[in-house]
Amino acid sequence: MSPRQDWRLFLPGPVRDLPADLAVVVAGVALTLVATLTPGLAGTPLRVVVGLPFVLFIPGYALIAALFPERGPPIDAPEDHDRISGIDGIERVALSFGTSIAVVPLLGLVLNFTPWGIRLAPILVVVSGFTLVATAFAASRRSALPEGERLVVPYQRWFAAARDELFEPASRTDAMLNVVLVVSVVLATASVGYAVAVPKDGESFTELYLLTEDGNDELTADNYPEELVRGEPASLVLGVGNREHRPVNYTVVAVLQRVEVSNNSTTVLESERLRTFTPRLEHNETWHEPHEVRPTMTGERLRLTYLLYEGAPPASPTVDNAYREVHLWVTVRES
């Protein structure tokens with residue numbers, strides 16, 4: 001018994017009987033699920049390496065294999081070669097890419113109208129399920145054909161031809177071209193691997209926002225207080241998100257300001273400092289702080305402003321010298 005048959009005996013029966021190309025499809029689905037759902041691997045470049053073929057090629061290849069289980073014409077066949085529905089390898093690869101690009105967004109659109117929505121786990125389940133079902137149909141249709149008409153991927157012939165071309169060139173020129181080809185492939189692979197493993201940092205910024213709590217203790221960007229009472233608390237939730245690619249010590253100053261707007265210019269007539277917050281956040285960390293403000297200044301259309309600074313704030317915090325600001329327009333009345 002050959003070594004090739006020995007290791008195939010360890011595989012489950014349905015997988016062992018699959019054609020080689022469909023077995024690679026099943027293995028690609030399994031590897032993508034492992035690389036995406038395993039906690040230690042979820043943030044590694046392996047997720048990108050296996051995820052791109054999973055989205056851009058594998059589902060389409062399984063569907064095309066189910067639609068066209070027949071062997072395509074040989075490369076040197078004349079144009080009027082008699083064939084019914086078989087397609088050649090180039091057509092199969094091109095249709096696999098195009099079909100994947102069409103099918104995966106359609107599956108996402110269907111998920112969007114379900115309770116699960118477009119999230120990682122539902123997308124993985126739906127795309128994997130579609131691919132495996134299409135693979136099963138492809139294997140069934142291919143096995144129903146006469147052996148001479150079935151699609152067979154000649155990977156052994158490809159490997160033998162590549163080995164002979166690389167290690168047994170016909171001339172010195174071919175040998176030099178082979179060396180250049182190998183070096184080019186290595187450099188291209190290394191460049192892509194470096195780009196995936198060491199991605200360039202995106203834009204640096206900080207998020208600053210205000211939220212409120214609804215009746216179910218859920219945070220929402222709605223139902224902000226518009227009328228306050230002097231000396232009585234009003235509840236808000238301050239949010240800060242660090243996207244600066246470094247740890248940052250923030251200071252947020254909450255002030256109530258009486259302002260005058262004229263000719264597109266805002267002048268602060270009076271300012272009352274209410275609260276100060278000093279969170280320290282790591283990169284990609286988000287901080288929410290429920291708090292209360294108790295205004296003592298009264299008037300209509302006052303500006304409740306939150307001024308964010310990196311580090312310590314200046315002696316006179318203003319909108320102009322703040323890194324970020326967010327505000328609400330409120331009316332404060334006497335009790």
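User: Which helices are included in what covers the buried residues of α5?

Analyst: The model is predicted: local features need pLDDT of at least 70, side-chain atom pairs count only at pLDDT 80 or more, and totals for chains, interfaces and linings use all residues. Residues are numbered from 1 along each chain as its sequence is written, and side-chain values use heavy atoms, without hydrogens and water. Helices are DSSP runs of H or I with at least four residues, strands are runs of E with at least two, and both are numbered from the N terminus; buried means under 20% relative accessible area, exposed over 50%, partly exposed in between (1.4 Å probe, protein chains only); contact means heavy atoms within 4.5 Å. The cover of the buried α5 residues includes α3 (20–37), α4 (45–56), α6 (89–112) and α7 (120–144).

User: Why is α5 described as largely enclosed by the rest of the structure?

Analyst: Helix α5 spans residues 58–67. Its buried residues include I58, Y61 and I64.

User: How far apart are the end C-alpha atoms over residues 120–140?

Analyst: UniProt, in an unreviewed entry, lists 120–140 among its "transmembrane region" features; positions follow the numbering used here, feature names are shortened, and annotations may be inferred rather than shown by experiment. The chain there is 100% helix and 0% strand, with the end C-alpha atoms separated by 30 Å.

User: Is V259 buried or exposed?

Analyst: V259 lies in strand β5 (residues 248–262). Beyond neighbours within four places in sequence, its contacts include L269, R303 and W329. With a relative accessible area of 15%, V259 is buried.
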